[in-house]
Amino acid sequence: MLASILALTLAATPAPPPDPSPPRSASVTGRLMFREKGRLLAPRDLRRALHGARLAIGLRRGWDVLVAPVGDDGSFHASATAGVWRIEWLEVGGKSELLAPHEVDARPGQTTCAGQLELAMQDVESELGANAGSQLAVVDRCAGLGPGNRQPVVPGVARPGADYEGAGSRGALEMLAGLRGGWAFGEGENGATVGGWRLELVGGLSSPLGQGRNLLLVASFADANREVSGVVGPPVAATRAIGLGGGYAPFGWLEATAGGEVRFGGRSGLVPWLALRAGNPAFGLGGRAAFGPDGRELSITVDLSPLFLVGSLL
Amino acid sequence: MRALLVALALSTSGCFFRLSDPVWAFKSLRADEPVLPGRSLVFGSLEVDGGFFGVGSLDGIWLRRVGPGEPIELAGATEETLFRVFGRREMKDGHYLMQLPPGVYELVLFTGRGWGNAAQLHVGEDARVSSRFTITRPGIYDMGVLRVEQRGTFGGSYKMTMLPGSSRPGREELLRDAVAGTGWERFLRGSP
């Protein structure tokens, strides 16, 4: 089995980052319980199922790691520097059960109670350490917890933390990936040919683009020529347009958008449009329909991301 | 950012000749500085035996974080990133480096080339589950050598075997050189 041969060599010895201020002592306490088929169980109730495996809660703050051994009654306690710690994993003998991150604020000179961590699973014996979808809930229950009377115990129930630090921010490159230059060619209801270029900036509610079930926002600038029988016929000759729209990507490769554009430079007006595009963030093919002052226009579109074009050559 | 580069690289891996090829060839495997405190550096090696008709080389390995919580976007290492000439080389000659936050990961995809064409090898469901591993405390994780071999002469399926890192001489030195002078070096000093 690949699992057995995918052996990890852990070479981790966390080194504390330089801290100009002296460390402020604090501590974190709490209790770990298991919820199996509706029953709440302490580690001592699961001795047989755990096969004597040692349990310990893993907490992390930046590069610093704390491992708090879990007692038979489920209680755990760890001395820490003051600050926000993330409860991230449970050590089960030589295995680890990853937990949905929860944050606890360890206050200086105090023992902060993270609450009662309740880890729910169908069958503790077979699932613990297998990362098979356990669910962590934290209950505000701190009675009887703490290291003694050295420090006051204050409630500071752990709250769900960000999935992982750094998620959610978008860099300039990520925004620019939605910039597309394209060409549209088609015909209008009056027999006119329509051709022109278009610059679009597409953003998704979820990032990056190219993933399914994503809401989209589109801003565009276009310059199109409209000719009847090869003769440029004013006043519908060249039309520039600024548009805005929204849409939805049901799949990563498909985008459906609609909106309106204001045309100027020719026959002006507000023109509704809708478009369908198949492709990936780098390039795509599609169709576009606009309902302008000269009737319906249907176009085939092709677009390319300049960011991708340049970036893939360098 | 990483996800964007991954998505774009995946979409057109191997499509274009790259102006950076001559410079790229002389770049050594080199780890980036840690992007965030608490990340881990994963080091591993890929070997491929695609036979005469199969995939001749692998230039990307892709993982999906499957826990905790809902599965999320791909993470991985590839030679086909955008603007690669300006960055450090995190994959060379099958050896790769990638930075990951804590989580449970599984292998989902390899990218490579066969007869000059881009190729993708999707990992089957059973193998994906079997390949799961966890990242917990920050450090350097050596994944060893993953050998991908074609089944039969004309077959489209491959089998994976994981070999210990010590089975290939020179890997330790390669890793040491790759992290030298970076924030990862302190983890190497503490390794057994």
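Buried residues make up 38% of the 314 residues in chain A. Here, buried means that 20 or more other C-beta atoms lie within 10 Å of a residue's own; exposed means 12 or fewer, and partly exposed is in between, with C-beta atoms placed from the backbone. In chain B, 45% of the 192 residues are buried. This is a predicted model, in which local features need pLDDT of at least 70, side-chain atom pairs count only at pLDDT 80 or more, and totals for chains, interfaces and linings use all residues. Residues are numbered from 1 along each chain as its sequence is written, while chains are lettered from A and ligands numbered from 1 in the order in which they are written.

**Chain make-up**
- Chain A has five helices and 21 strands. Helices (H or I, at least four residues) and strands (E, at least two) are DSSP runs, numbered from the N terminus.
- Chain B has five helices and ten strands.
- In chain A, 60% of the contacts with a separation of 6 or more join residues 24 or more positions apart. A contact requires C-beta atoms, placed from the backbone, within 7 Å.
- In chain B, 68% of the contacts between residues at least 6 apart in sequence join residues at least 24 apart.

**A sheet in chain A**
- Five strands of chain A form an open sheet in the order β5-β4-β7-β8-β12, with antiparallel pairing. Two strands pair if DSSP finds at least two bridges between them.
- Its edge strands are β5 (64-69) and β12 (159-160) of chain A, and each pairs on one side only.
- Strand β8 (residues 95-106) of chain A pairs with β12(A) over two bridges, in the antiparallel sense.
- A:His102 has A:Pro160 in β12(A) as its bridge partner.

**Nonpolar cores**
- The largest nonpolar core has 73 residues. Such a core is a set of buried Ala, Val, Leu, Ile, Met, Phe, Trp, Tyr and Cys residues joined through C-beta atoms within 7 Å.
- The residues with the most contacts inside this largest core are A:Val28, A:Ile57, A:Leu59, B:Leu97 and B:Val148.
- Strand β9 (residues 140-150) of chain B gives the most to this core, with six residues.
- Apart from this core lies another, of ten residues, including A:Val202, A:Leu216, A:Leu307 and A:Phe308.
- Leaving aside neighbours within four places in sequence, B:Leu97 has contacts that include B:Leu29, B:Phe43 and B:Ala178.

**B:Tyr105 up close**
- B:Tyr105 sits in strand β6 (residues 103-114) of chain B.
- B:Tyr105 counts as buried because it has 20 C-beta neighbours inside 10 Å.
- B:Tyr105 and B:Trp62 are 43 residues apart in sequence, and their C-alpha atoms are 9.9 Å apart in space.
- Not counting residues up to four places away in sequence, B:Tyr105 touches several residues, among them B:Leu63, B:Val66, B:Leu100 and B:Phe133.

**Backbone details in loops**
- The peptide bond from B:Gly67 to B:Pro68 is cis, with omega near -5°. B:Pro68 lies in the loop between β2 (57-67) and β3 (74-78) of chain B.
- A:His51 is not a glycine, yet its phi is positive, near 55°. A:His51 is in the loop between α2 (47-50) and β4 (55-61) of chain A. A:His51 is exposed because 10 other C-beta atoms lie within 10 Å.
- A:Asn131 also is not a glycine and has a positive phi, of about 50°. A:Asn131 is in the loop between α3 (124-127) and β10 (135-139) of chain A. With 21 C-beta neighbours inside 10 Å, A:Asn131 counts as buried.

Methods:
Contact = placed C-beta atoms within 7 Å.
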